[in-house]
Amino acid sequence: ALKDTGVVELLDGIDKFFIEKKYPDDFGLIIYKVGFDENNTRWCYGKVTGGQLKAKQKLTENEKVDQLCIVNGDQFKTVTSVDAGTIVAIKGLQTLSAGAALGIEKPLDNSSSKPFMQYQVLYDNNVDKNLLIKQLEMLQQEDPSINVSYQNDTNSIFLYLMGEVQIEIIKAIIKKRSS
């Protein structure tokens, strides 16, 4: 593609051999990611798998869409509705996590990715413990395989993780967000 060789042929092949997906009329949505912007606003990223999703739509008894955005790189384009097949960023959902399925969708089976290793979080006395817990809980929302636990009696914070690789990823995220 960098040398502009074979691009037209590739696109022609995709057009010829791929069948366009037909989506049902009944509403469906799968949340695949939760993230936070620079203002700590919570965004759920999902794919509409049926029907249409509208701004201000009530999804559950406690969850309502505030805003819908189409994301392209760092650019957010606010829209009032999206049709099935669209990947969308959703503002306003407070409890749904990655893997959540709504409408016609069945919940994803995440039983194979449960954290099994316990790590204690050690921090300096000058660190705001409540802010640290809040930041770790945000990570937990972004990645449901992370489990945060706080024990009041010992003032101990524990992370339940999948292993060493996840620790390295968390360290990198924390370093990036605190610099």
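Glu-168 is partly exposed because its relative accessibility is 47%. Buried here means under 20% relative accessible area, exposed means over 50%, and partly exposed lies in between, with a 1.4 Å probe and protein chains only. The model is predicted: local features need pLDDT of at least 70, side-chain atom pairs count only at pLDDT 80 or more, and totals for chains, interfaces and linings use all residues. Residues are numbered from 1 along each chain as its sequence is written, and side-chain values use heavy atoms, with hydrogens and water left out.

Stay with Glu-168. What does Glu-168 form with Lys-171? The two make a salt bridge, and their closest N and O atoms are 3.8 Å apart. A salt bridge is a side-chain nitrogen of Lys or Arg within 4 Å of a carboxyl oxygen of Asp or Glu. Side chains of opposite charge can pair when their charged atoms come close. Both Glu-168 and Lys-171 sit in helix α3, which covers residues 164-178. They are three residues apart, about one turn of the helix. Helices (H or I, at least four residues) and strands (E, at least two) are DSSP runs, numbered from the N terminus. How many salt bridges does a search of the whole structure find? The search finds one.

Helix α3 also holds Glu-164. Glu-164 is exposed, because its relative accessible area is 51%. Along the sequence, Glu-164 and Met-117 are 47 residues apart. In space, their C-alpha atoms are 9.3 Å apart.

Now go to strand β2, residues 42-50, where Arg-42 is found. Is Arg-42 buried or exposed? Arg-42 is buried, yet has no salt bridge. The nearest side chain of opposite charge is Glu-63, 5.6 Å away. In this count Lys and Arg are positive, Asp and Glu are negative, and His and the chain ends are left out.

What does the side chain of Arg-42 reach at 2.6 Å? It is the backbone oxygen of Leu-96. The Arg-42 side chain also makes a polar contact of 2.4 Å with the side chain of Gln-141. A polar contact is a pair of N or O atoms within 3.5 Å; within protein, one must be able to donate a hydrogen and the other to accept it, and residues adjacent in sequence count only if both atoms are side-chain atoms. Not counting residues up to four places away in sequence, Arg-42 touches a list of residues including Phe-36, Leu-96, Ser-97 and Gln-141. Touching, or contact, means heavy atoms within 4.5 Å.

Follow that list to Ser-97. Ser-97 lies in the loop between β7 (87-91) and β8 (101-103). Ser-97 is partly exposed, because its relative accessibility is 30%. Leaving out residues up to four places away in sequence, Ser-97 touches Ile-31, Val-34, Arg-42 and Pro-144. Ser-97 and Asp-143 are 46 residues apart in sequence, but 8.3 Å apart in space, C-alpha to C-alpha.

Return to strand β2 for Thr-49. Thr-49 counts as buried because its relative accessibility is 13%. Its side chain joins that of Glu-105 in a polar contact of 2.6 Å. With residues up to four places away in sequence set aside, Thr-49 touches several residues, among them Tyr-23, Ala-84, Ile-104 and Glu-105.

Ile-104 comes next. Where is Ile-104? Ile-104 is in the loop between β8 and β9 (117-121). Ile-104 is partly exposed, because its relative accessible area is 36%. Beyond its neighbours within four places in sequence, Ile-104 is in contact with Pro-24, Asp-26, Phe-27, Gly-28 and Thr-49. Phe-76 is 28 residues from Ile-104 along the chain, and their C-alpha atoms are separated by 27 Å.

Two residues stand out by their backbone angles. Most residues other than glycine have a negative phi. Asn-40 has a positive phi, near 60°. Asn-40 lies in the loop between β1 (28-36) and β2. Asp-4 also has a positive phi, near 55°. Asp-4 lies in the segment before α1, and is exposed, with a relative accessible area of 64%.

End at helix α1, residues 7-17, which holds Leu-11. Leu-11 is exposed because its relative accessibility is 51%. Together, Leu-10, Leu-11, Ile-14, Phe-17 and Phe-18 make a nonpolar surface patch of about 580 Å². Patches are made of residues with over 30% relative accessible area and no salt bridge; like charges are joined within 9 Å, and nonpolar side chains (Val, Leu, Ile, Met, Phe, Trp, Tyr) within 5 Å. Accessible areas come from the Shrake-Rupley method with a 1.4 Å probe; for residues, only the protein chains shown count as cover.
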